[in-house]
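Hi everyone, thanks for making time.

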Amino acid sequence: LHRLIRRQRQMCIRDSFETAPAFIVAADGHRSAIREMLGIEFEDLGDPRTFTVFEFQSDASSEDELKVVLNDGNVSVLWPLNDGRFRWSFEIPETEEVDPRVKSRLLVQLREKTYTYVTEEKLRELIRQRAPWFQTGIRELIWSAAIRFERRLAADFGKGRVSLAGDAAHMALPMGIQSMNFGFREAETLASVIAEILKGGKSLELLSQTRTELRNEWIRLLEMSRIVQEELTCSDWIREAAPQLIPCIPASGEDLNLLIRQLES
């Protein structure tokens, strides 16, 4: 299968050329070849966490809002999609077997990676345990997989005229899609700075300063749970749930600050 995928990609390449760009913004994912060529370490920020992800078709469409469920230190997220489709993501403790019913360890191919298949029975079991209010029927399980998500941070967001953005610079848990959201902001910010250097005559040092500021902002995002627990006047429930709640907020920078202030009592 991998050979077939590579062959298909080769067939899609109709032409190639060489260029010498003045600047590079590398958004080439968590396995970033650019980051490796720059020799930048991708620091591990803690143990990975496993989520069982199910996408299924339903006859009903009563649920039209994203919902986050916090229970027993684990996080579950309901994503309403289009055409009556839904996606449930359930965090599974590392000590718990993903699905003991899958005796053959069936695998699911998603893009270039393979993941453990999870049964429809497991989906129904998790819904009963964590979201009994979810009454939308399951007509067809489209795909499912057990996926491990890592949390990582690049030691530097670039060198010289080369900058990193998105998953090439950082990885987070999937609930709030923070790595992707932050990546959009990084791309916009870096593009503006590069334009100022190319057209406005600004110093190259501005790019280095910007990367440092972006990395510091990401570090603050990672520390936001502690900030909520130690600095905000909020309910005991929010204070206790902060490590699970904050990664679910799809925001960063001042937008995140505005949302965090709503947690204060």
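Let me start with what I mean by an aromatic pair: rings of Phe, Tyr and Trp, taking the six-membered ring for Trp, pair if their centres lie within 6.5 Å, and planes under 30 degrees apart count as stacked, over 60 as edge-to-face and the rest as tilted. With that rule, searching the whole structure turns up 10 aromatic pairs. One of them is F51 with F149, an edge-to-face pair at 5.7 Å centre to centre and 85° between the planes.

Before I go on, some housekeeping. This is a predicted model, where local features need pLDDT of at least 70 and side-chain atom pairs count only at pLDDT 80 or more, while totals for chains, interfaces and linings use all residues. Residues are numbered from 1 along each chain as its sequence is written, and side-chain values use heavy atoms, with hydrogens and water left out.

Strands and helices here are DSSP runs, numbered from the N terminus: H or I of at least four residues for helices, E of at least two for strands. The chain has 8 helices and 13 strands. As for burial, buried means under 20% relative accessible area, exposed over 50%, and partly exposed in between, with a 1.4 Å probe and protein chains only. Of the 265 residues, 42% count as buried.

F51 counts as buried, because its relative accessibility is 1%. Another pair is F56 with F134: the centres are 6.2 Å apart and the planes at 80°, so this one is edge-to-face. F56 is in strand β3 and F134 in the loop between α3 (120-130) and β9, 78 residues apart. F56 is buried at 0% relative accessibility, and F134 is buried at 5%. Both belong to one aromatic cluster, made up of F54, F56, F86, W88, F90, W133 and F134.

Now for the charges. Which residue does R185 meet in a salt bridge? A salt bridge, by the way, is a side-chain nitrogen of Lys or Arg within 4 Å of a carboxyl oxygen of Asp or Glu. The partner is E217, at 2.5 Å, N to O. R185 lies in helix α4 (residues 178-200) and E217 in helix α5 (residues 205-222), so the pair ties together parts that are 32 residues apart in sequence. R185 is partly exposed at 29%, and E217 is partly exposed at 22%.

S252 is in the loop between α7 (236-245) and α8 (253-261), and is buried at 8%.

Overall, the count comes to 12 salt bridges, and E55, R85 and R87 are linked in a network of them.
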